[in-house]
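Here are a few notes to read alongside the structure. Take them in any order after the opening one, and keep the 3D view open while you go.

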Amino acid sequence: MIQAKKSIHELTPYADGNHSDYLIKNHTKILKLDSNEPTITPSPKIVDAITAYLKHGPLYLYPDVKSETLCRKLSHYTKLPENHILTFNGSDHALECIARTFLDKDNAVVIFQPTYDHFRVYAQSCDAKRVNINEQIADTLLQRIQTANEQNIRLVYLVNPNNPTGKTVSKDEIIEAARSYPNTIFLIDEAYYEFCGVSMANLVTDFNNIIVTRSFSKAFGLASVRCGYILAHPNLCESINKIRVGKNVNALAQIAACAALDDVNYMYSYVEEVSMAKNWMIKQFEAKNIPVIKTPANFILFQVKDPENVVDFLERQHIYIRNRSMMPNLKGYIRITIGNRETMKKFWTIFETVPQRWIA
Ligand SMILES: Cc1ncc(COP(=O)(O)O)c(C=O)c1O
């Protein structure tokens with residue numbers, strides 16, 4: 001039996017959400033609130049653009065490997081020059097390329113816990129030493145990093161706002177840390193940027209050790225077509241581009257992302273809807289004295305006595321949410337995606353039928 005290399009052989013893989021054939025085929029009959037996808041379809045203009053490409057576009061040709069039109073639109077959206085932008089087949093693909101570009105066995109990577117777990121997988125697969133730091137351990141980002149007591153921190157991975165806790169780190173903290181560790185890359189994962197409206201994007205022109213990753217899967221609603229991008233100093237982009245597979249940003253993803261950027265108002269109105277639905281949901285939980293952790297993103301956490309039974313019960317009613325109870329600091333907590341108010345009201349009606357003995 002041929003074994004994978006040691007770092008892969010010993011790796012605990014990322015635990016995917018519920019993304020099965022059954023759920024996708026039955027998407028209109030279920031409430032999928034486990035992976036922070038939107039609960040509505042994306043802009044009709046995106047559907048029109050994809051349909052037109054399917055009818056008239058050259059499906060037989062490779063896509064534009066530089067995503068030139070998309071980068072131009074992203075430059076407008078992010079207010080950064082095009083040479084600071086690289087596109088990817090989802091932001092996970094960007095995280096993977098960043099790990100492969102910068103990490104090897106002599107490097108340490110700081111990851112705050114609990115957090116989105118995919119970067120851990122990529123860092124470990126590159127043999128990097130992983131240093132987990134509890135995100136609650138100290139006041140500022142710099143103080144937290146210093147607790148690692150590590151000489152050779154090559155990269156700090158920070159999800160901002162964090163998934164699943166919603167914790168945010170301010171621009172001043174990031175500047176302080178990036179100045180104190182000029183040879184360390186600060187990788188800021190902004191998958192939920194559109195929901196919180198705060199970004200570190202404008203730091204990447206002045207700091208050649210900050211990389212921002214973004215996704216079209218969340219507020220723009222394009223999880224199925226896979227598109228993400230990074231914002232970074234041109235020197236960093238040049239290095240990452242050496243291993244980036246431009247063809248992986250497939251033609252339909254490029255077309256869809258361009259159409260999404262041509263109709264940002266659709267996205268903004270969904271963000272507004274999520275904000276109203278979130279306030280409503282928080283009030284419902286609070287009225288029942290169920291502890292809630294609010295976040296600036298499109299998810300919140302709530303705490304119950306028996307999260308496994310609650311998740312199982314709801315799954316039997318075709319509602320999918322994510323048990324986060326096994327993560328540090330999150331005993332008893334379940335993460336729920338916030339979608340539009342109509343969906344959250346449907347959720348609530350069924351949630352009220354969960355036996356009380358599992359709630360408190
Ligand atoms: C923090 C964070 N980063 C990245 C991703 C993956 O995004 P994409 O679909 O662009 O690969 C997710 C998805 O849940 C996420 O929560």
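1. Let's start with a helix pair. Helix α5 (residues 91-102) packs against helix α6 (residues 118-125) with their axes 9 Å apart and an angle of about 30° between them. That angle is under 35 degrees, so α5 counts as roughly parallel to α6. Before going further, bear in mind that this is a predicted model.

2. How do these two helices touch? On the α5 side the contact is made by Asp92, Leu95, Glu96 and Ala99, and on the α6 side by His118, Phe119, Tyr122 and Ala123. Sorted by class, that contact has five nonpolar, one polar and two charged residues. As for handedness, α5 passes α6 in a right-handed crossing.

3. Next, have a look at α4 and α11. The axes of helix α4 (residues 68-78) and helix α11 (residues 251-262) cross at roughly 30° and come within 9 Å, and α4 and α11 are therefore roughly parallel to each other. Is this crossing left-handed or right-handed? Here α4 passes α11 in a left-handed crossing.

4. From α4 come Thr69, Leu70, Lys73, Leu74 and Tyr77, while α11 brings Gln254, Ala257, Cys258 and Leu261. The class count for this contact is six nonpolar, two polar and one charged.

5. The crossing of α12 and α14 is right-handed.

6. Which residues bring α12 and α14 together? In α12 they are Glu273, Met276, Ala277, Trp280, Met281 and Gln284, and they meet Arg341, Met344 and Trp348 in α14. The contact of α12 with α14 has six nonpolar, one polar and two charged residues by class.

7. Now zoom out to the domains. According to the domain assignment, domain 1 covers 6-41 + 265-359 and domain 2 covers 44-263. The C-alpha centres of domain 1 and domain 2 lie 24 Å apart. Domain 1 puts 29 residues into the contact, and domain 2 puts in 28 residues.

8. What does domain 1 use to touch domain 2? At least two residues each come from α1 (6-9), α12 and β10 (299-303). The largest share of this side is supplied by α12, with six residues. By class, the side of domain 1 that touches domain 2 has 18 nonpolar, seven polar and four charged residues.

9. Which of the 14 residues around the ligand come nearest? They are Gly90, Ser91, Asp92, Ser215 and Ser217. One of these, Asp92, has already turned up in the contact of α5 with α6. The shell around the ligand divides by class into four nonpolar, eight polar and two charged residues.

10. Most residues other than glycine have a negative phi, and most peptide bonds are trans. Against that background, a cis peptide bond joins Asn160 and Pro161, with omega at about 0°. Another cis peptide bond joins Asn163 and Pro164, where omega is about 15°. Pro161 sits in the loop between β5 (153-159) and α8 (171-180), and Pro164 is also placed in the loop between β5 and α8.

11. One more spot to check is Asn149. Asn149 is not a glycine, yet its phi is positive, at about 55°. You'll find Asn149 in the loop between α7 (141-146) and β5.

Terms used. Residues are numbered from 1 along each chain as its sequence is written. This is a predicted model: local features need pLDDT of at least 70, side-chain atom pairs count only at pLDDT 80 or more; totals for chains, interfaces and linings use all residues. A residue is near a molecule or strand if its C-beta atom, placed from the backbone, lies within 6 Å of it. Ala, Val, Leu, Ile, Met, Phe, Trp, Tyr, Cys and Pro count as nonpolar, Asp, Glu, Lys and Arg as charged, and the others, Gly among them, as polar. A crossing is left-handed if the near helix is turned anticlockwise from the far one by less than a right angle, and right-handed if clockwise. Helices (H or I, at least four residues) and strands (E, at least two) are DSSP runs, numbered from the N terminus. Two residues are in contact if their C-beta atoms, placed from the backbone, lie within 7 Å. Domain bounds come from an automatic or database domain assignment. Axes are lines fitted to C-alpha atoms, for helices over the stretch in contact, and angles run from 0 to 180 degrees between N-to-C directions. Angles under 35 degrees count as roughly parallel, over 145 as roughly antiparallel, 65 to 115 as roughly perpendicular and the rest as oblique.
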